[in-house]
Amino acid sequence: MVLDSEELLDAASLLETAGWLRQQFREEAVKFPLLAARAASLADFRDPLAAIRRCVLPNREISDDASPALRRIRGSITQTRESIQKTLKQILRSRNAESGEDYVTLRNDSLRDSSARGEQA
């Protein structure tokens, strides 16, 4: 089964609750022996919980720390975007764009040349 990031955060919450229950009933074993025994049978989910918390950010985005490959891919995307912006700025300068209008904007993951569209700053 594949879970999306929201479902993973829900699972993390459930795992946290299971850990909390184990701890609470361990502390209250004398008062609640049957519940303490049942709670003690719950597995220790600290490792999967830590992995989910490391990989899925609270805003439901997947962290760069999720895997070395993802970190490398996102780094490459950032470098490529910066290279494209640098190249576009050089093109604008070489065209002798009017002062104050030689900038490039990124909107909805699309680069735009302000001087070519006649936009104002």
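Which residues form a negative surface patch? In this predicted model, the negative surface patch consists of Asp4, Glu6, Glu7 and Asp10. The protein chain that carries these residues has a secondary structure of five helices and two strands, and from the N terminus on its elements follow the order α-α-α-α-β-β-α.

**Overall chain**

- Of the 121 residues in the protein chain, 17% count as buried.
- The protein chain exposes about 9,300 Å², and carbon and sulfur atoms supply 53% of that area.
- When contacts in the protein chain between residues at least 6 apart in sequence are considered, 32% of them join residues at least 24 apart.

**The negative patch and Glu7**

- Glu7, one of the residues that form the negative surface patch, has its place in helix H1, which spans residues 5-27.
- Glu7 has a relative accessible area of 37% and is therefore partly exposed, since that class lies between the buried limit of under 20% and the exposed limit of over 50%.

**Phe45 and its surroundings**

- Phe45 is located in the loop between helix H2 (33-40) and helix H3 (46-55), and with a relative accessibility of 29% Phe45 counts as partly exposed.
- If its neighbours within four places in sequence are left aside, Phe45 is in contact with Leu15 and Ala18.
- Phe45 and Ala12 are separated by 33 residues in sequence, while their C-alpha to C-alpha separation in space is 9.2 Å.

**Salt bridges**

- Side chains of opposite charge can pair when their charged atoms come close.
- The structure holds six salt bridges, among them the one that Asp44 forms with Arg22, where the closest N and O atoms are 4.0 Å apart.
- This pair links distant parts of the chain, with Asp44 in the loop between H2 and H3 and Arg22 in helix H1, 22 residues apart.
- Asp44 itself is partly exposed, at a relative accessible area of 40%.
- Another salt bridge joins Lys31 and Glu28, with the closest N and O atoms 3.7 Å apart; Lys31 is exposed, with a relative accessible area of 60%, whereas Glu28 counts as partly exposed at 29% relative accessibility.
- Arg71 forms a salt bridge with Asp65, for which the closest N and O atoms are 1.9 Å apart in the model.
- Both partners have computed accessibilities: Arg71 counts as partly exposed at 44% relative accessibility, and Asp65 is partly exposed with a relative accessible area of 38%.
- Salt bridges that share partners also join Arg22, Asp44 and Arg46 into one network.

Definitions and conventions. Residues numbered from 1 in each chain as written. Predicted model: local features only at pLDDT ≥ 70, side-chain atom pairs only at ≥ 80, totals over all residues. Heavy atoms only, no water. Patch = residues over 30% accessible without salt bridge, like charges linked within 9 Å, V, L, I, M, F, W, Y side chains within 5 Å. Areas by Shrake-Rupley, 256 points an atom, 1.4 Å probe, with all protein chains shown as cover. Salt bridge = Lys/Arg side-chain N within 4 Å of Asp/Glu carboxyl O. Lys, Arg positive; Asp, Glu negative; His and termini not counted. Charge placed at Lys NZ, Arg CZ, Asp CG, Glu CD. Helix = DSSP H or I, 4+ residues; strand = E, 2+ residues; numbered from the N terminus. Buried < 20%, exposed > 50% of the residue type's maximum accessible area, 1.4 Å probe, protein only. Contact = heavy atoms within 4.5 Å.
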